[in-house]
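Subject: Structure handover

Hello,

Here is the structure I promised to pass on. Please open it before you read further.

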Amino acid sequence: MTRLFFSGNEAIARGALQAGVSLATAYPGTPSTEILENLSRMGGTRTIWSPNEKIAVELASGVSFAGHRALAAMKHVGVNVAADPIFTLAYTGVRGGLVIITADDPELHSSQNEQDNRRYASFARIPMLEPANSQEALDFTREAFELSERFDIPFFVRTTTRISHGKSLIEINEKSNTVSTVVPGLVKDPSKYVMVPANARVKHRELEERIEMIARYGEKCSFNSVEMKGTALGIITSGISYNYVMEAVPDASVLKLGLVFPLPDDLIRDFASRCDRVVIVEELEPYLEEWVRFLGIECEGKSLIPRFGEIDTGMVRNALTTVPEGYRPSKPESINTGDIPDRPPVMCVGCPHRGIFHILNRKKAFVAGDIGCYTLAVTPPLSAIHTTVCMGAGISQAVGIEAVLPEEHGKVVAVIGDSTFLHSGMGGVLNMAFNEIPATVLLLDNYTTAMTGRQDHPGSGFDATGNRTRQVDWETLLNGLGVEHVRLVDAYDLDEIRTVLEEEIHRDAPSVIVVQGACMLLKNKPVKRQAPCRINENLCTDCGMCLRIGCPAISRKNGASEEKPIIDDTQCTGCDICSQVCQFEAIGREG
């Protein structure tokens with residue numbers, strides 16, 4: 001028995017290895033990214049970064065159909081992208097165990113919405129396990145493969161940010177390793193795997209029968225547990241919320257649900273019948289509360305606990321201040337957070353995206369943006385992003401604007417990163433070219449998926465384990481999508497960018513400008529820093545233009561408004577963007 005201090009993502013990776021997973025795949029997205037990274041680091045299985053979550057699930061299903069165990073990991077919005085194969089895989093079932101990780105992000109720490117994917121489990125009719133700590137993340141993941149094969153259906157494992165990134169002690173018992181009994185190989189069974197209507201109608205009935213079987217299994221399984229400590233107050237909860245309940249109301253009776261779809265009706269009824277008052281404690285949607293009410297049980301839930309954002313021990317404690325005597329909420333502990341300065345999100349020093357957004361700001365262009373670290377250009381002083389909805393949406397939005405507002409031609413551009421473009425931007429460009437709508441797309445190529453921690457993709461030239469592989473040729477790819485006008489520019493050459501942008505944004509044809517500059521944090525091809533820049537105080541007129549590029553290395557001395565700007569040479573990478581925006585030649589590089 002080995003004891004380790006693991007995050008939930010590390011534990012999921014170890015649980016998949018204990019289950020003998022043959023292949024794991026993912027598209028990076030906070031808070032799920034480290035699952036595949038840890039699997040790559042631990043070894044013992046093949047890991048693949050997929051261009052998007054739909055492809056990841058489809059790839060994993062192929063592995064499953066071949067009789068091997070497979071895992072596909074993604075953040076919550078990734079399930080939206082993967083929903084198409086997921087819904088039908090519920091019908092086909094599996095051969096080798098197939099587990100899909102959905103890492104939800106209550107409080108939107110790094111997401112565009114905070115959807116509750118327990119709804120997806122119910123909607124897609126795919127069972128879902130929800131661990132409450134790292135030990136359960138390991139155990140539930142390992143067992144999910146077993147259950148997937150036992151019930152012939154994919155299994156969801158749902159985490160939230162606090163489970164994914166929070167660390168706790170786990171015990172690893174190699175004797176718990178499991179082995180699939182499925183014999184790998186090709187199996188031709190069209191009635192199971194070909195979902196033409198005649199087969200799908202049969203499979204839908206079989207799916208509902210499997211869900212009933214799993215619900216009966218849930219009545220007795222170890223994932224669901226009851227802790228009776230009295231009858232005055234009973235709390236039904238799951239996942240991270242269980243921990244808050246245990247801290248806030250340690251004397252209450254608790255029904256902790258680990259299998260959150262399908263739910264155990266008889267277990268819930270029995271628990272509720274033994275409690276005078278039933279309260280549902282859960283983050284985001286009233287998912288459990290609605291089901292408990294559907295069973296005809298009177299309960300409280302969202303009347304006490306908010307429907308948005310993360311909850312915590314204090315919220316649960318405050319919500320239950322009216323608990324009956326004898327069930328005293330625990331006292332809050334004061335936490336000294338120290339003198340922590342505010343750190344607003346900002347692009348890194350030396351970021352190759354800074355120059356293009358400075359130009360777009362000065363040009364007063366309407367920028368249809370996308371998901372990635374360049375979304376930080378929405379904040380002052382750059383203030384150069386005007387839409388951000390989901391991966392790939394910016395291109396289609398710019399095309400839509402150009403289609404109905406031709407008089408605004410020359411004022412609208414779409415901006416998308418290289419990883420995001422390969423995820424879901426290609427279809428938008430294909431549509432733009434096919435319909436001959438004269439929009440302009442800026443493809444910001446920094447050779448990595450920077451936002452989530454520099455994961456590789458087909459444009460980086462490296463695979464998930466850091467080995468060299470084929471690299472996308474942008475001109476060839478874009479020409480193949482039907483774009484005749486493709487321009488490659490240096491992200492750090494502002495004059496070249498201005499010239500090319502002016503030509504392409506007014507071109508009466510679809511065009512793409514590939515703005516190339518390596519991320520300063522690139523791991524496979526580290527960028528060599530230049531000598532830092534300095535401001536000549538005698539030449540500086542204090543116009544403030546260098547401050548408007550939003551570089552963290554440039555500030556006023558001591559923060560005083562009457563002081564001229566200075567450059568912190570411990571941060572400066574010598575990217576030279578600031579010297580190019582200075583109209584008075586007051587900024588130059590040392591040496």
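Below is what turned up in it, from the whole chain down to single side chains.

Please keep in mind that this is a predicted model.

**The whole chain**

The protein chain has 591 residues, and 55% of them are buried. Its secondary structure comes to 19 helices and 22 strands. The radius of gyration is 27 Å. The globule rule gives 25 Å for 591 residues, which is close, so the chain is as compact as a globular protein of that length. Along its principal axes, the C-alpha trace spans about 80 × 60 × 50 Å. Now take the contacts between residues at least 6 apart in sequence: 74% of them join residues at least 24 apart.

**A seven-stranded sheet**

Look for an open sheet of seven strands. Their order is S3-S2-S4-S5-S7-S6-S12, and the pairing is mixed. Which strands are at the edges? They are S3 (46-49) and S12 (259-261), and each pairs on one side only.

Inside the sheet, S6 (residues 128-129) and S7 (residues 155-160) run parallel. Two bridges join them. Met128 stands opposite Phe156 in S7.

Helix H6 (residues 134-151) packs on this sheet. H6 touches S4, S5, S6 and S7. Its direction makes about 160° with that of S7. Helix H4 (residues 76-92) lies across S4 (70-75), S5 (98-104) and S7. H4 runs at about 140° to S4.

**Aromatic pairs**

How many aromatic pairs does the structure hold? There are seven. Two of them are worth a look.

Start with Phe87 and Phe123. Their ring centres are 4.8 Å apart. Their planes meet at 80°, so the pair is edge-to-face. This pair links distant parts of the chain. Phe87 is in helix H4, Phe123 is in helix H5 (residues 118-124), and 36 residues separate them. Phe123 is exposed, at 59%. Phe87 and Phe123 also form one aromatic cluster with Tyr120.

Next, Trp291 and Phe294. Their ring centres are 4.9 Å apart. Their planes are at 35°, so this pair counts as tilted. Trp291 and Phe294 are three residues apart in helix H12 (residues 287-294), which means about one helical turn separates them. The background is simple: an α-helix has 3.6 residues a turn, so residues three or four places apart point the same way. Trp291 is partly exposed, with a relative accessible area of 31%. Phe294 is exposed, at 62%.

**More on helix H12**

Which residues of H12 are buried? They are Tyr287, Leu288, Glu289 and Val292. What do the buried residues of H12 pack against? Their partners are H5, S10 (233-238), S11 (253-257), S12, helix H11 (265-273) and S13 (277-281). One of these, S12, is also an edge strand of the sheet. After H12 comes Gly296, whose phi is positive, near 85°.

**A charge over a ring**

Last, find Lys256 and Tyr242. The charged end of Lys256 sits over the ring of Tyr242, 5.4 Å from the ring centre.

Best wishes

Note on methods
Residues numbered from 1 in each chain as written. Predicted model: local features only at pLDDT ≥ 70, side-chain atom pairs only at ≥ 80, totals over all residues. Heavy atoms only, no water. Pairing = 2+ DSSP bridges. Helix = DSSP H or I, 4+ residues; strand = E, 2+ residues; numbered from the N terminus. Contact = heavy atoms within 4.5 Å. Axes fitted to C-alpha atoms, helices over the stretch in contact; angles between N-to-C directions. Phe/Tyr/Trp six-rings, centres within 6.5 Å; stacked < 30°, edge-to-face > 60°. Buried < 20%, exposed > 50% of the residue type's maximum accessible area, 1.4 Å probe, protein only. Lys NZ or Arg CZ within 6 Å of the ring centre and 35° of its normal. Rg over C-alpha atoms; globule rule 2.2 N^0.38 Å.
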